[in-house]
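Have a look at the model on the screen, and I'll talk you through a few spots in it.

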Amino acid sequence: MVKLNKIYTRTGDAGTTGLGTGARRLKSDLRIDACGTVDEANACIGMARLHTAASHPAIDRMLGLIQNDLFDLGADLSVPDDGKPLEYEPLRIIASQVERLEKDIDLLNEDLQPLKSFILNGGSPGAAALHLARTVTRRAERVMVALAQNPDEQVGAEALKYINRLSDFLFVAARTVNDNGKSDVLWVPGKNR
């Protein structure tokens with residue numbers, strides 16, 4: 001159970017923050033960057049939900065589940081599996097969370113018009129917000145992959161799959177919000193030459 005009584009602790013004043021293991025890391029550390037970028041993606045999804053709640057309740061429900069998953073992902077990242085015993089079972093992203101995203105992608109993709117060009121981010125406020133969440137999610141993925149490349153760091157395979165699938169979901173959701181792709185703004189190569 002999380003209990004937050006005091007918001008400021010002064011423990012980070014010297015530029016460090018605590019992991020779920022109790023270890024301290026610089027706030028510029030790649031693992032902390034991964035956690036922060038996942039949190040940023042979650043905030044972007046929260047903003048997107050302001051545009052989807054009334055008009056697309058099914059997508060809004062999916063986004064609500066995703067927001068909770070992203071806190072799970074942050075918890076996963078904040079407790080690296082370094083082989084040392086813990087006094088508790090750490091929260092990890094699991095295969096069923098990835099599978100749920102895949103099912104939701106397939107469900108939304110059924111009604112979409114096939115793409116004949118790349119699309120520009122926009123079309124409607126909801127789609128633009130979902131595209132912003134998608135690009136921040138891609139950045140979170142890049143940071144997580146960079147972290148996983150360090151031999152002294154661990155990132156779970158399911159966590160990497162989840163963040164990759166999430167950007168795919170957000171792309172399909174943005175197209176769905178854009179009247180199933182009918183309101184997508186297509187890229188026209190060389191249009192302004």
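Cys 44 is buried, with a relative accessible area of 13%; buried here means under 20% relative accessible area, exposed means over 50%, and partly exposed is in between, with a 1.4 Å probe and protein chains only. Before I go on: this is a predicted model, so local features need pLDDT of at least 70, side-chain atom pairs count only at pLDDT 80 or more, and totals for chains, interfaces and linings use all residues. Residues are numbered from 1 along each chain as its sequence is written, and side-chain values use heavy atoms, with hydrogens and water left out.

Back to the cysteines. A disulfide, as counted here, is a pair of cysteine sulfur atoms within 2.5 Å. Cys 35 is buried too, at 19% relative accessible area. Searching the whole structure turns up 0 disulfides.

Next, salt bridges. The rule is a side-chain nitrogen of Lys or Arg within 4 Å of a carboxyl oxygen of Asp or Glu. How many salt bridges does that rule give? The count comes to 10.

The one I'd like you to zoom in on is Asp 69 with Arg 100, where the closest N and O atoms are 2.4 Å apart. Asp 69 lies in helix 2 and Arg 100 in helix 3 (residues 95-109), so this pair ties together parts that are 31 residues apart in sequence. For the record, helices are DSSP runs of H or I with at least four residues, strands are runs of E with at least two, and both are numbered from the N terminus. Helix 2 itself covers residues 57-78.

Is Asp 69 buried or exposed? It is buried, with a relative accessible area of 5%, whereas Arg 100 counts as partly exposed at 22%. And what is Asp 69 in contact with, leaving aside its neighbours within four places in sequence? You'll find Ile 93, Gln 97, Arg 100 and Tyr 162 there, contact being heavy atoms within 4.5 Å.

Now slide over to helix 5, residues 157-177. Helix 5 has 21 residues and reaches 30 Å from its first C-alpha to its last, close to the 30 Å expected at 1.5 Å a residue. That expected span is 1.5 Å times one less than the number of residues.

Lys 161 is partly exposed at 37% relative accessible area, and Glu 158 is partly exposed at 22%.

Arg 175 forms a salt bridge with Asp 184, and the closest N and O atoms are 2.5 Å apart. Here Arg 175 is buried, with a relative accessible area of 5%, and Asp 184 also counts as buried, at 11%. There's a network as well: salt bridges link Arg 138, Glu 141 and Asp 168.

Stay at the end of helix 5 for a second, and check the backbone. Most residues other than glycine have a negative phi. Asp 179, which follows helix 5, has a positive phi, near 55°. Phi of Asn 180 is positive as well, near 55°, and again the residue is not glycine. Asp 179 is found in the loop between helix 5 and strand 4 (185-186), and Asn 180 lies in that loop too. By accessibility, Asp 179 counts as partly exposed at 42%, and Asn 180 counts as partly exposed at 23%.

Last stop, the surface. Which residues make the nonpolar surface patch of about 410 Å²? Phe 118, Leu 120, Val 185 and Trp 187. Patches are built from residues with over 30% relative accessible area and no salt bridge; like charges are joined within 9 Å, and nonpolar side chains (Val, Leu, Ile, Met, Phe, Trp, Tyr) within 5 Å. The areas come from the Shrake-Rupley method with a 1.4 Å probe, and for residues only the protein chains shown count as cover.
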